[in-house]
Amino acid sequence: MEDSLGVRIDLRSDAVQVQGSEESVGRVKRIFADFEALRRAGIHPYNGELHSMLKIVVADPNVTLAAVAEAAKQRTTGVKAGIKRAVLPRSVNQARYVEAIEKSDMVFGVGPAGTGKTYLAVAMAVAAMNAKKVSRIVLVRPAVEAGERLGFLPGSLQEKVDPYLRPLYDALYDLWEPEKVDKMLEKNIIEVAPLAFMRGRTLNDAFIIMDEAQNTTTEQMKMFLTRLGNNSKAVITGDITQIDLPNPKKSGLVEAINLLGGVEGIQFCHFEDCDVVRHCLVQRIIRAYEGKSQQRVLPLEMADVAGEPGSQRDGIGVKTPVKPQ
């Protein structure tokens with residue numbers, strides 16, 4: 001609250017003293033009052049959950065802690081029967097992402113690693129299954145290695161593709177009991193398949209998730225997006241900074257962002273490093289790599305300017321001709 005609202009908070013033996021603008025002090029007072037009301041009602045959010053709720057509250061003056069807690073109770077990804085844990089948005093962008101999935105039949109979640117794109121999508125799929133809104137879950141991922149060549153893998157087809165789909169399994173086992181997940185996989189209620197096996201299919205009454213979409217080609221992305229059937233919902237997640245294709249410029253996700261931005265019924269949710277919900281070091285690592293990539297581009301441009309014969313660079317990097325003396 002101090003960092004986001006520009007206030008100073010001192011903890012005294014008998015009170016909490018807040019210094020700042022009248023508006024900011026009023027917001028802090030309301031947050032403490034809401035928190036006390038939640039505590040008296042028997043609601044005790046753990047530190048990570050409380051921090052996530054506060055991030056949403058301080059970002060929007062029209063949102064209160066009580067409203068966030070009430071919305072969390074009513075949200076379909078909350079405490080539905082059969083889900084091992086309540087899953088709540090931990091940032092403003094995550095809340096928008098969940099809301100978009102609830103309202104739209106096709107949603108793109110684009111952003112860096114650790115922002116909850118895949119996990120929240122799987123949680124929404126599980127909630128939809130529990131509410132009997134869909135009859136099956138289809139999890140899809142392109143089988144592209146991240147900078148490695150694993151060679152031929154032994155075993156059956158499922159055993160060959162399982163390593164690529166492990167993040168989706170992890171989310172399922174985290175939300176449902178392992179026995180329930182295994183039973184649904186056995187009955188094909190939950191289908192986990194590589195993207196190549198989607199051609200020619202029409203997926204009706206299903207919640208479909210494609211993970212790592214940045215590693216699809218243009219043709220694969222178009223093929224997947226046209227599989228959507230009646231009473232189905234599709235969520236496509238990816239990180240355009242981690243493209244493992246031989247030619248990153250031909251990523252199907254990048255082209256879809258450019259082509260489908262204005263299509264009615266499709267929503268795009270973009271995540272930032274501040275939405276990372278993994279270890280706090282992950283945010284710093286992402287920022288460090290982003291800073292390095294920006295620095296890598298700048299010297300090249302400046303080198304071209306400085307190195308061109310018969311020209312000099314002015315203060316803002318614009319090339320101007322040098323007159324002969």
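# Working chat on helices, strands and a cavity

Biologist: Where is the place of Ser24?
Modeller: Ser24 has its place in helix H2, where helices are DSSP runs of H or I with at least four residues and strands are DSSP runs of E with at least two, numbered from the N terminus. This is a predicted model, in which local features need pLDDT of at least 70 and side-chain atom pairs count only at pLDDT 80 or more, while totals for chains, interfaces and linings use all residues. Residues are numbered from 1 along each chain as its sequence is written, and side-chain values use heavy atoms, with hydrogens and water left out.

Biologist: And is Ser24 buried or exposed?
Modeller: Ser24 has a relative accessibility of 12%, so it counts as buried; that word means under 20% relative accessible area, with exposed over 50% and partly exposed in between, for a 1.4 Å probe and protein chains only.

Biologist: How many Å separate the C-alpha atoms of Ser24 and Glu2?
Modeller: The separation is 9.6 Å between the C-alpha atoms of Ser24 and Glu2, which are 22 residues apart along the chain.

Biologist: What do Arg30 and Asp34 count as for accessibility?
Modeller: Arg30 counts as partly exposed because its relative accessibility is 45%, whereas Asp34, at 8%, counts as buried.

Biologist: Which residue meets Lys103 in a salt bridge?
Modeller: The side chain of Lys103 meets that of Glu99, at 2.8 Å from N to O, and the two lie 4 residues apart in helix H5 (residues 92-103), again about one turn. Lys103 is exposed at 62% relative accessibility, while Glu99 is partly exposed at 35%.

Biologist: How many salt bridges does a search of the whole structure find?
Modeller: The search finds 10 of them. Another one joins the side chains of Arg136 and Glu191, at 3.9 Å from N to O. This pair links distant parts of the chain, with Arg136 in strand S4 (residues 136-141) and Glu191 in strand S5 (residues 190-194), 55 residues apart. Elsewhere, salt bridges that share partners join Glu36, Arg39 and Arg40 into one network.

Biologist: Is Glu191 buried or exposed?
Modeller: Glu191 is buried, with a relative accessible area of 12%.

Biologist: In which sense do S4 and S5 pair?
Modeller: S4 and S5 pair in the parallel sense over 5 bridges, pairing being called when DSSP finds at least two bridges between two strands. Within that pairing, Val138 stands opposite Glu191 in S5. S4 also pairs with strand S6 (residues 206-210), in the parallel sense and over 5 bridges, and there Arg136 stands opposite Ala206. Of the 6 residues of S4, 5 are buried, so the strand is largely enclosed by the rest of the structure.

Biologist: Where is Asp205 found?
Modeller: Asp205 is found in the loop between S5 and S6, and its phi is positive, about 50 degrees, although it is not a glycine. Asp205 is partly exposed, with a relative accessible area of 25%.

Biologist: Changing topic, how many residues of H6 are buried?
Modeller: In H6, 12 of the 14 residues are buried, so the helix is largely enclosed by the rest of the structure. Among the buried ones are Lys117, Thr118, Leu120 and Met129. Lys132, which follows H6, has a positive phi near 60 degrees.

Biologist: Last one: which residues line the largest cavity?
Modeller: The lining consists of Met106, Leu203, Ile208, Phe224, Leu225, Arg227, Leu228 and Ala234. A cavity is a set of points on a 1 Å grid over the protein atoms alone where a 1.4 Å probe fits but cannot get out, and lining residues have an atom within 4 Å of a point.

Key
1 Å grid on protein atoms, 1.4 Å probe; cavity = no way out; pocket = protein on both sides within 12 Å on 5 of 7 lines; lining within 4 Å. Salt bridge = Lys/Arg side-chain N within 4 Å of Asp/Glu carboxyl O.
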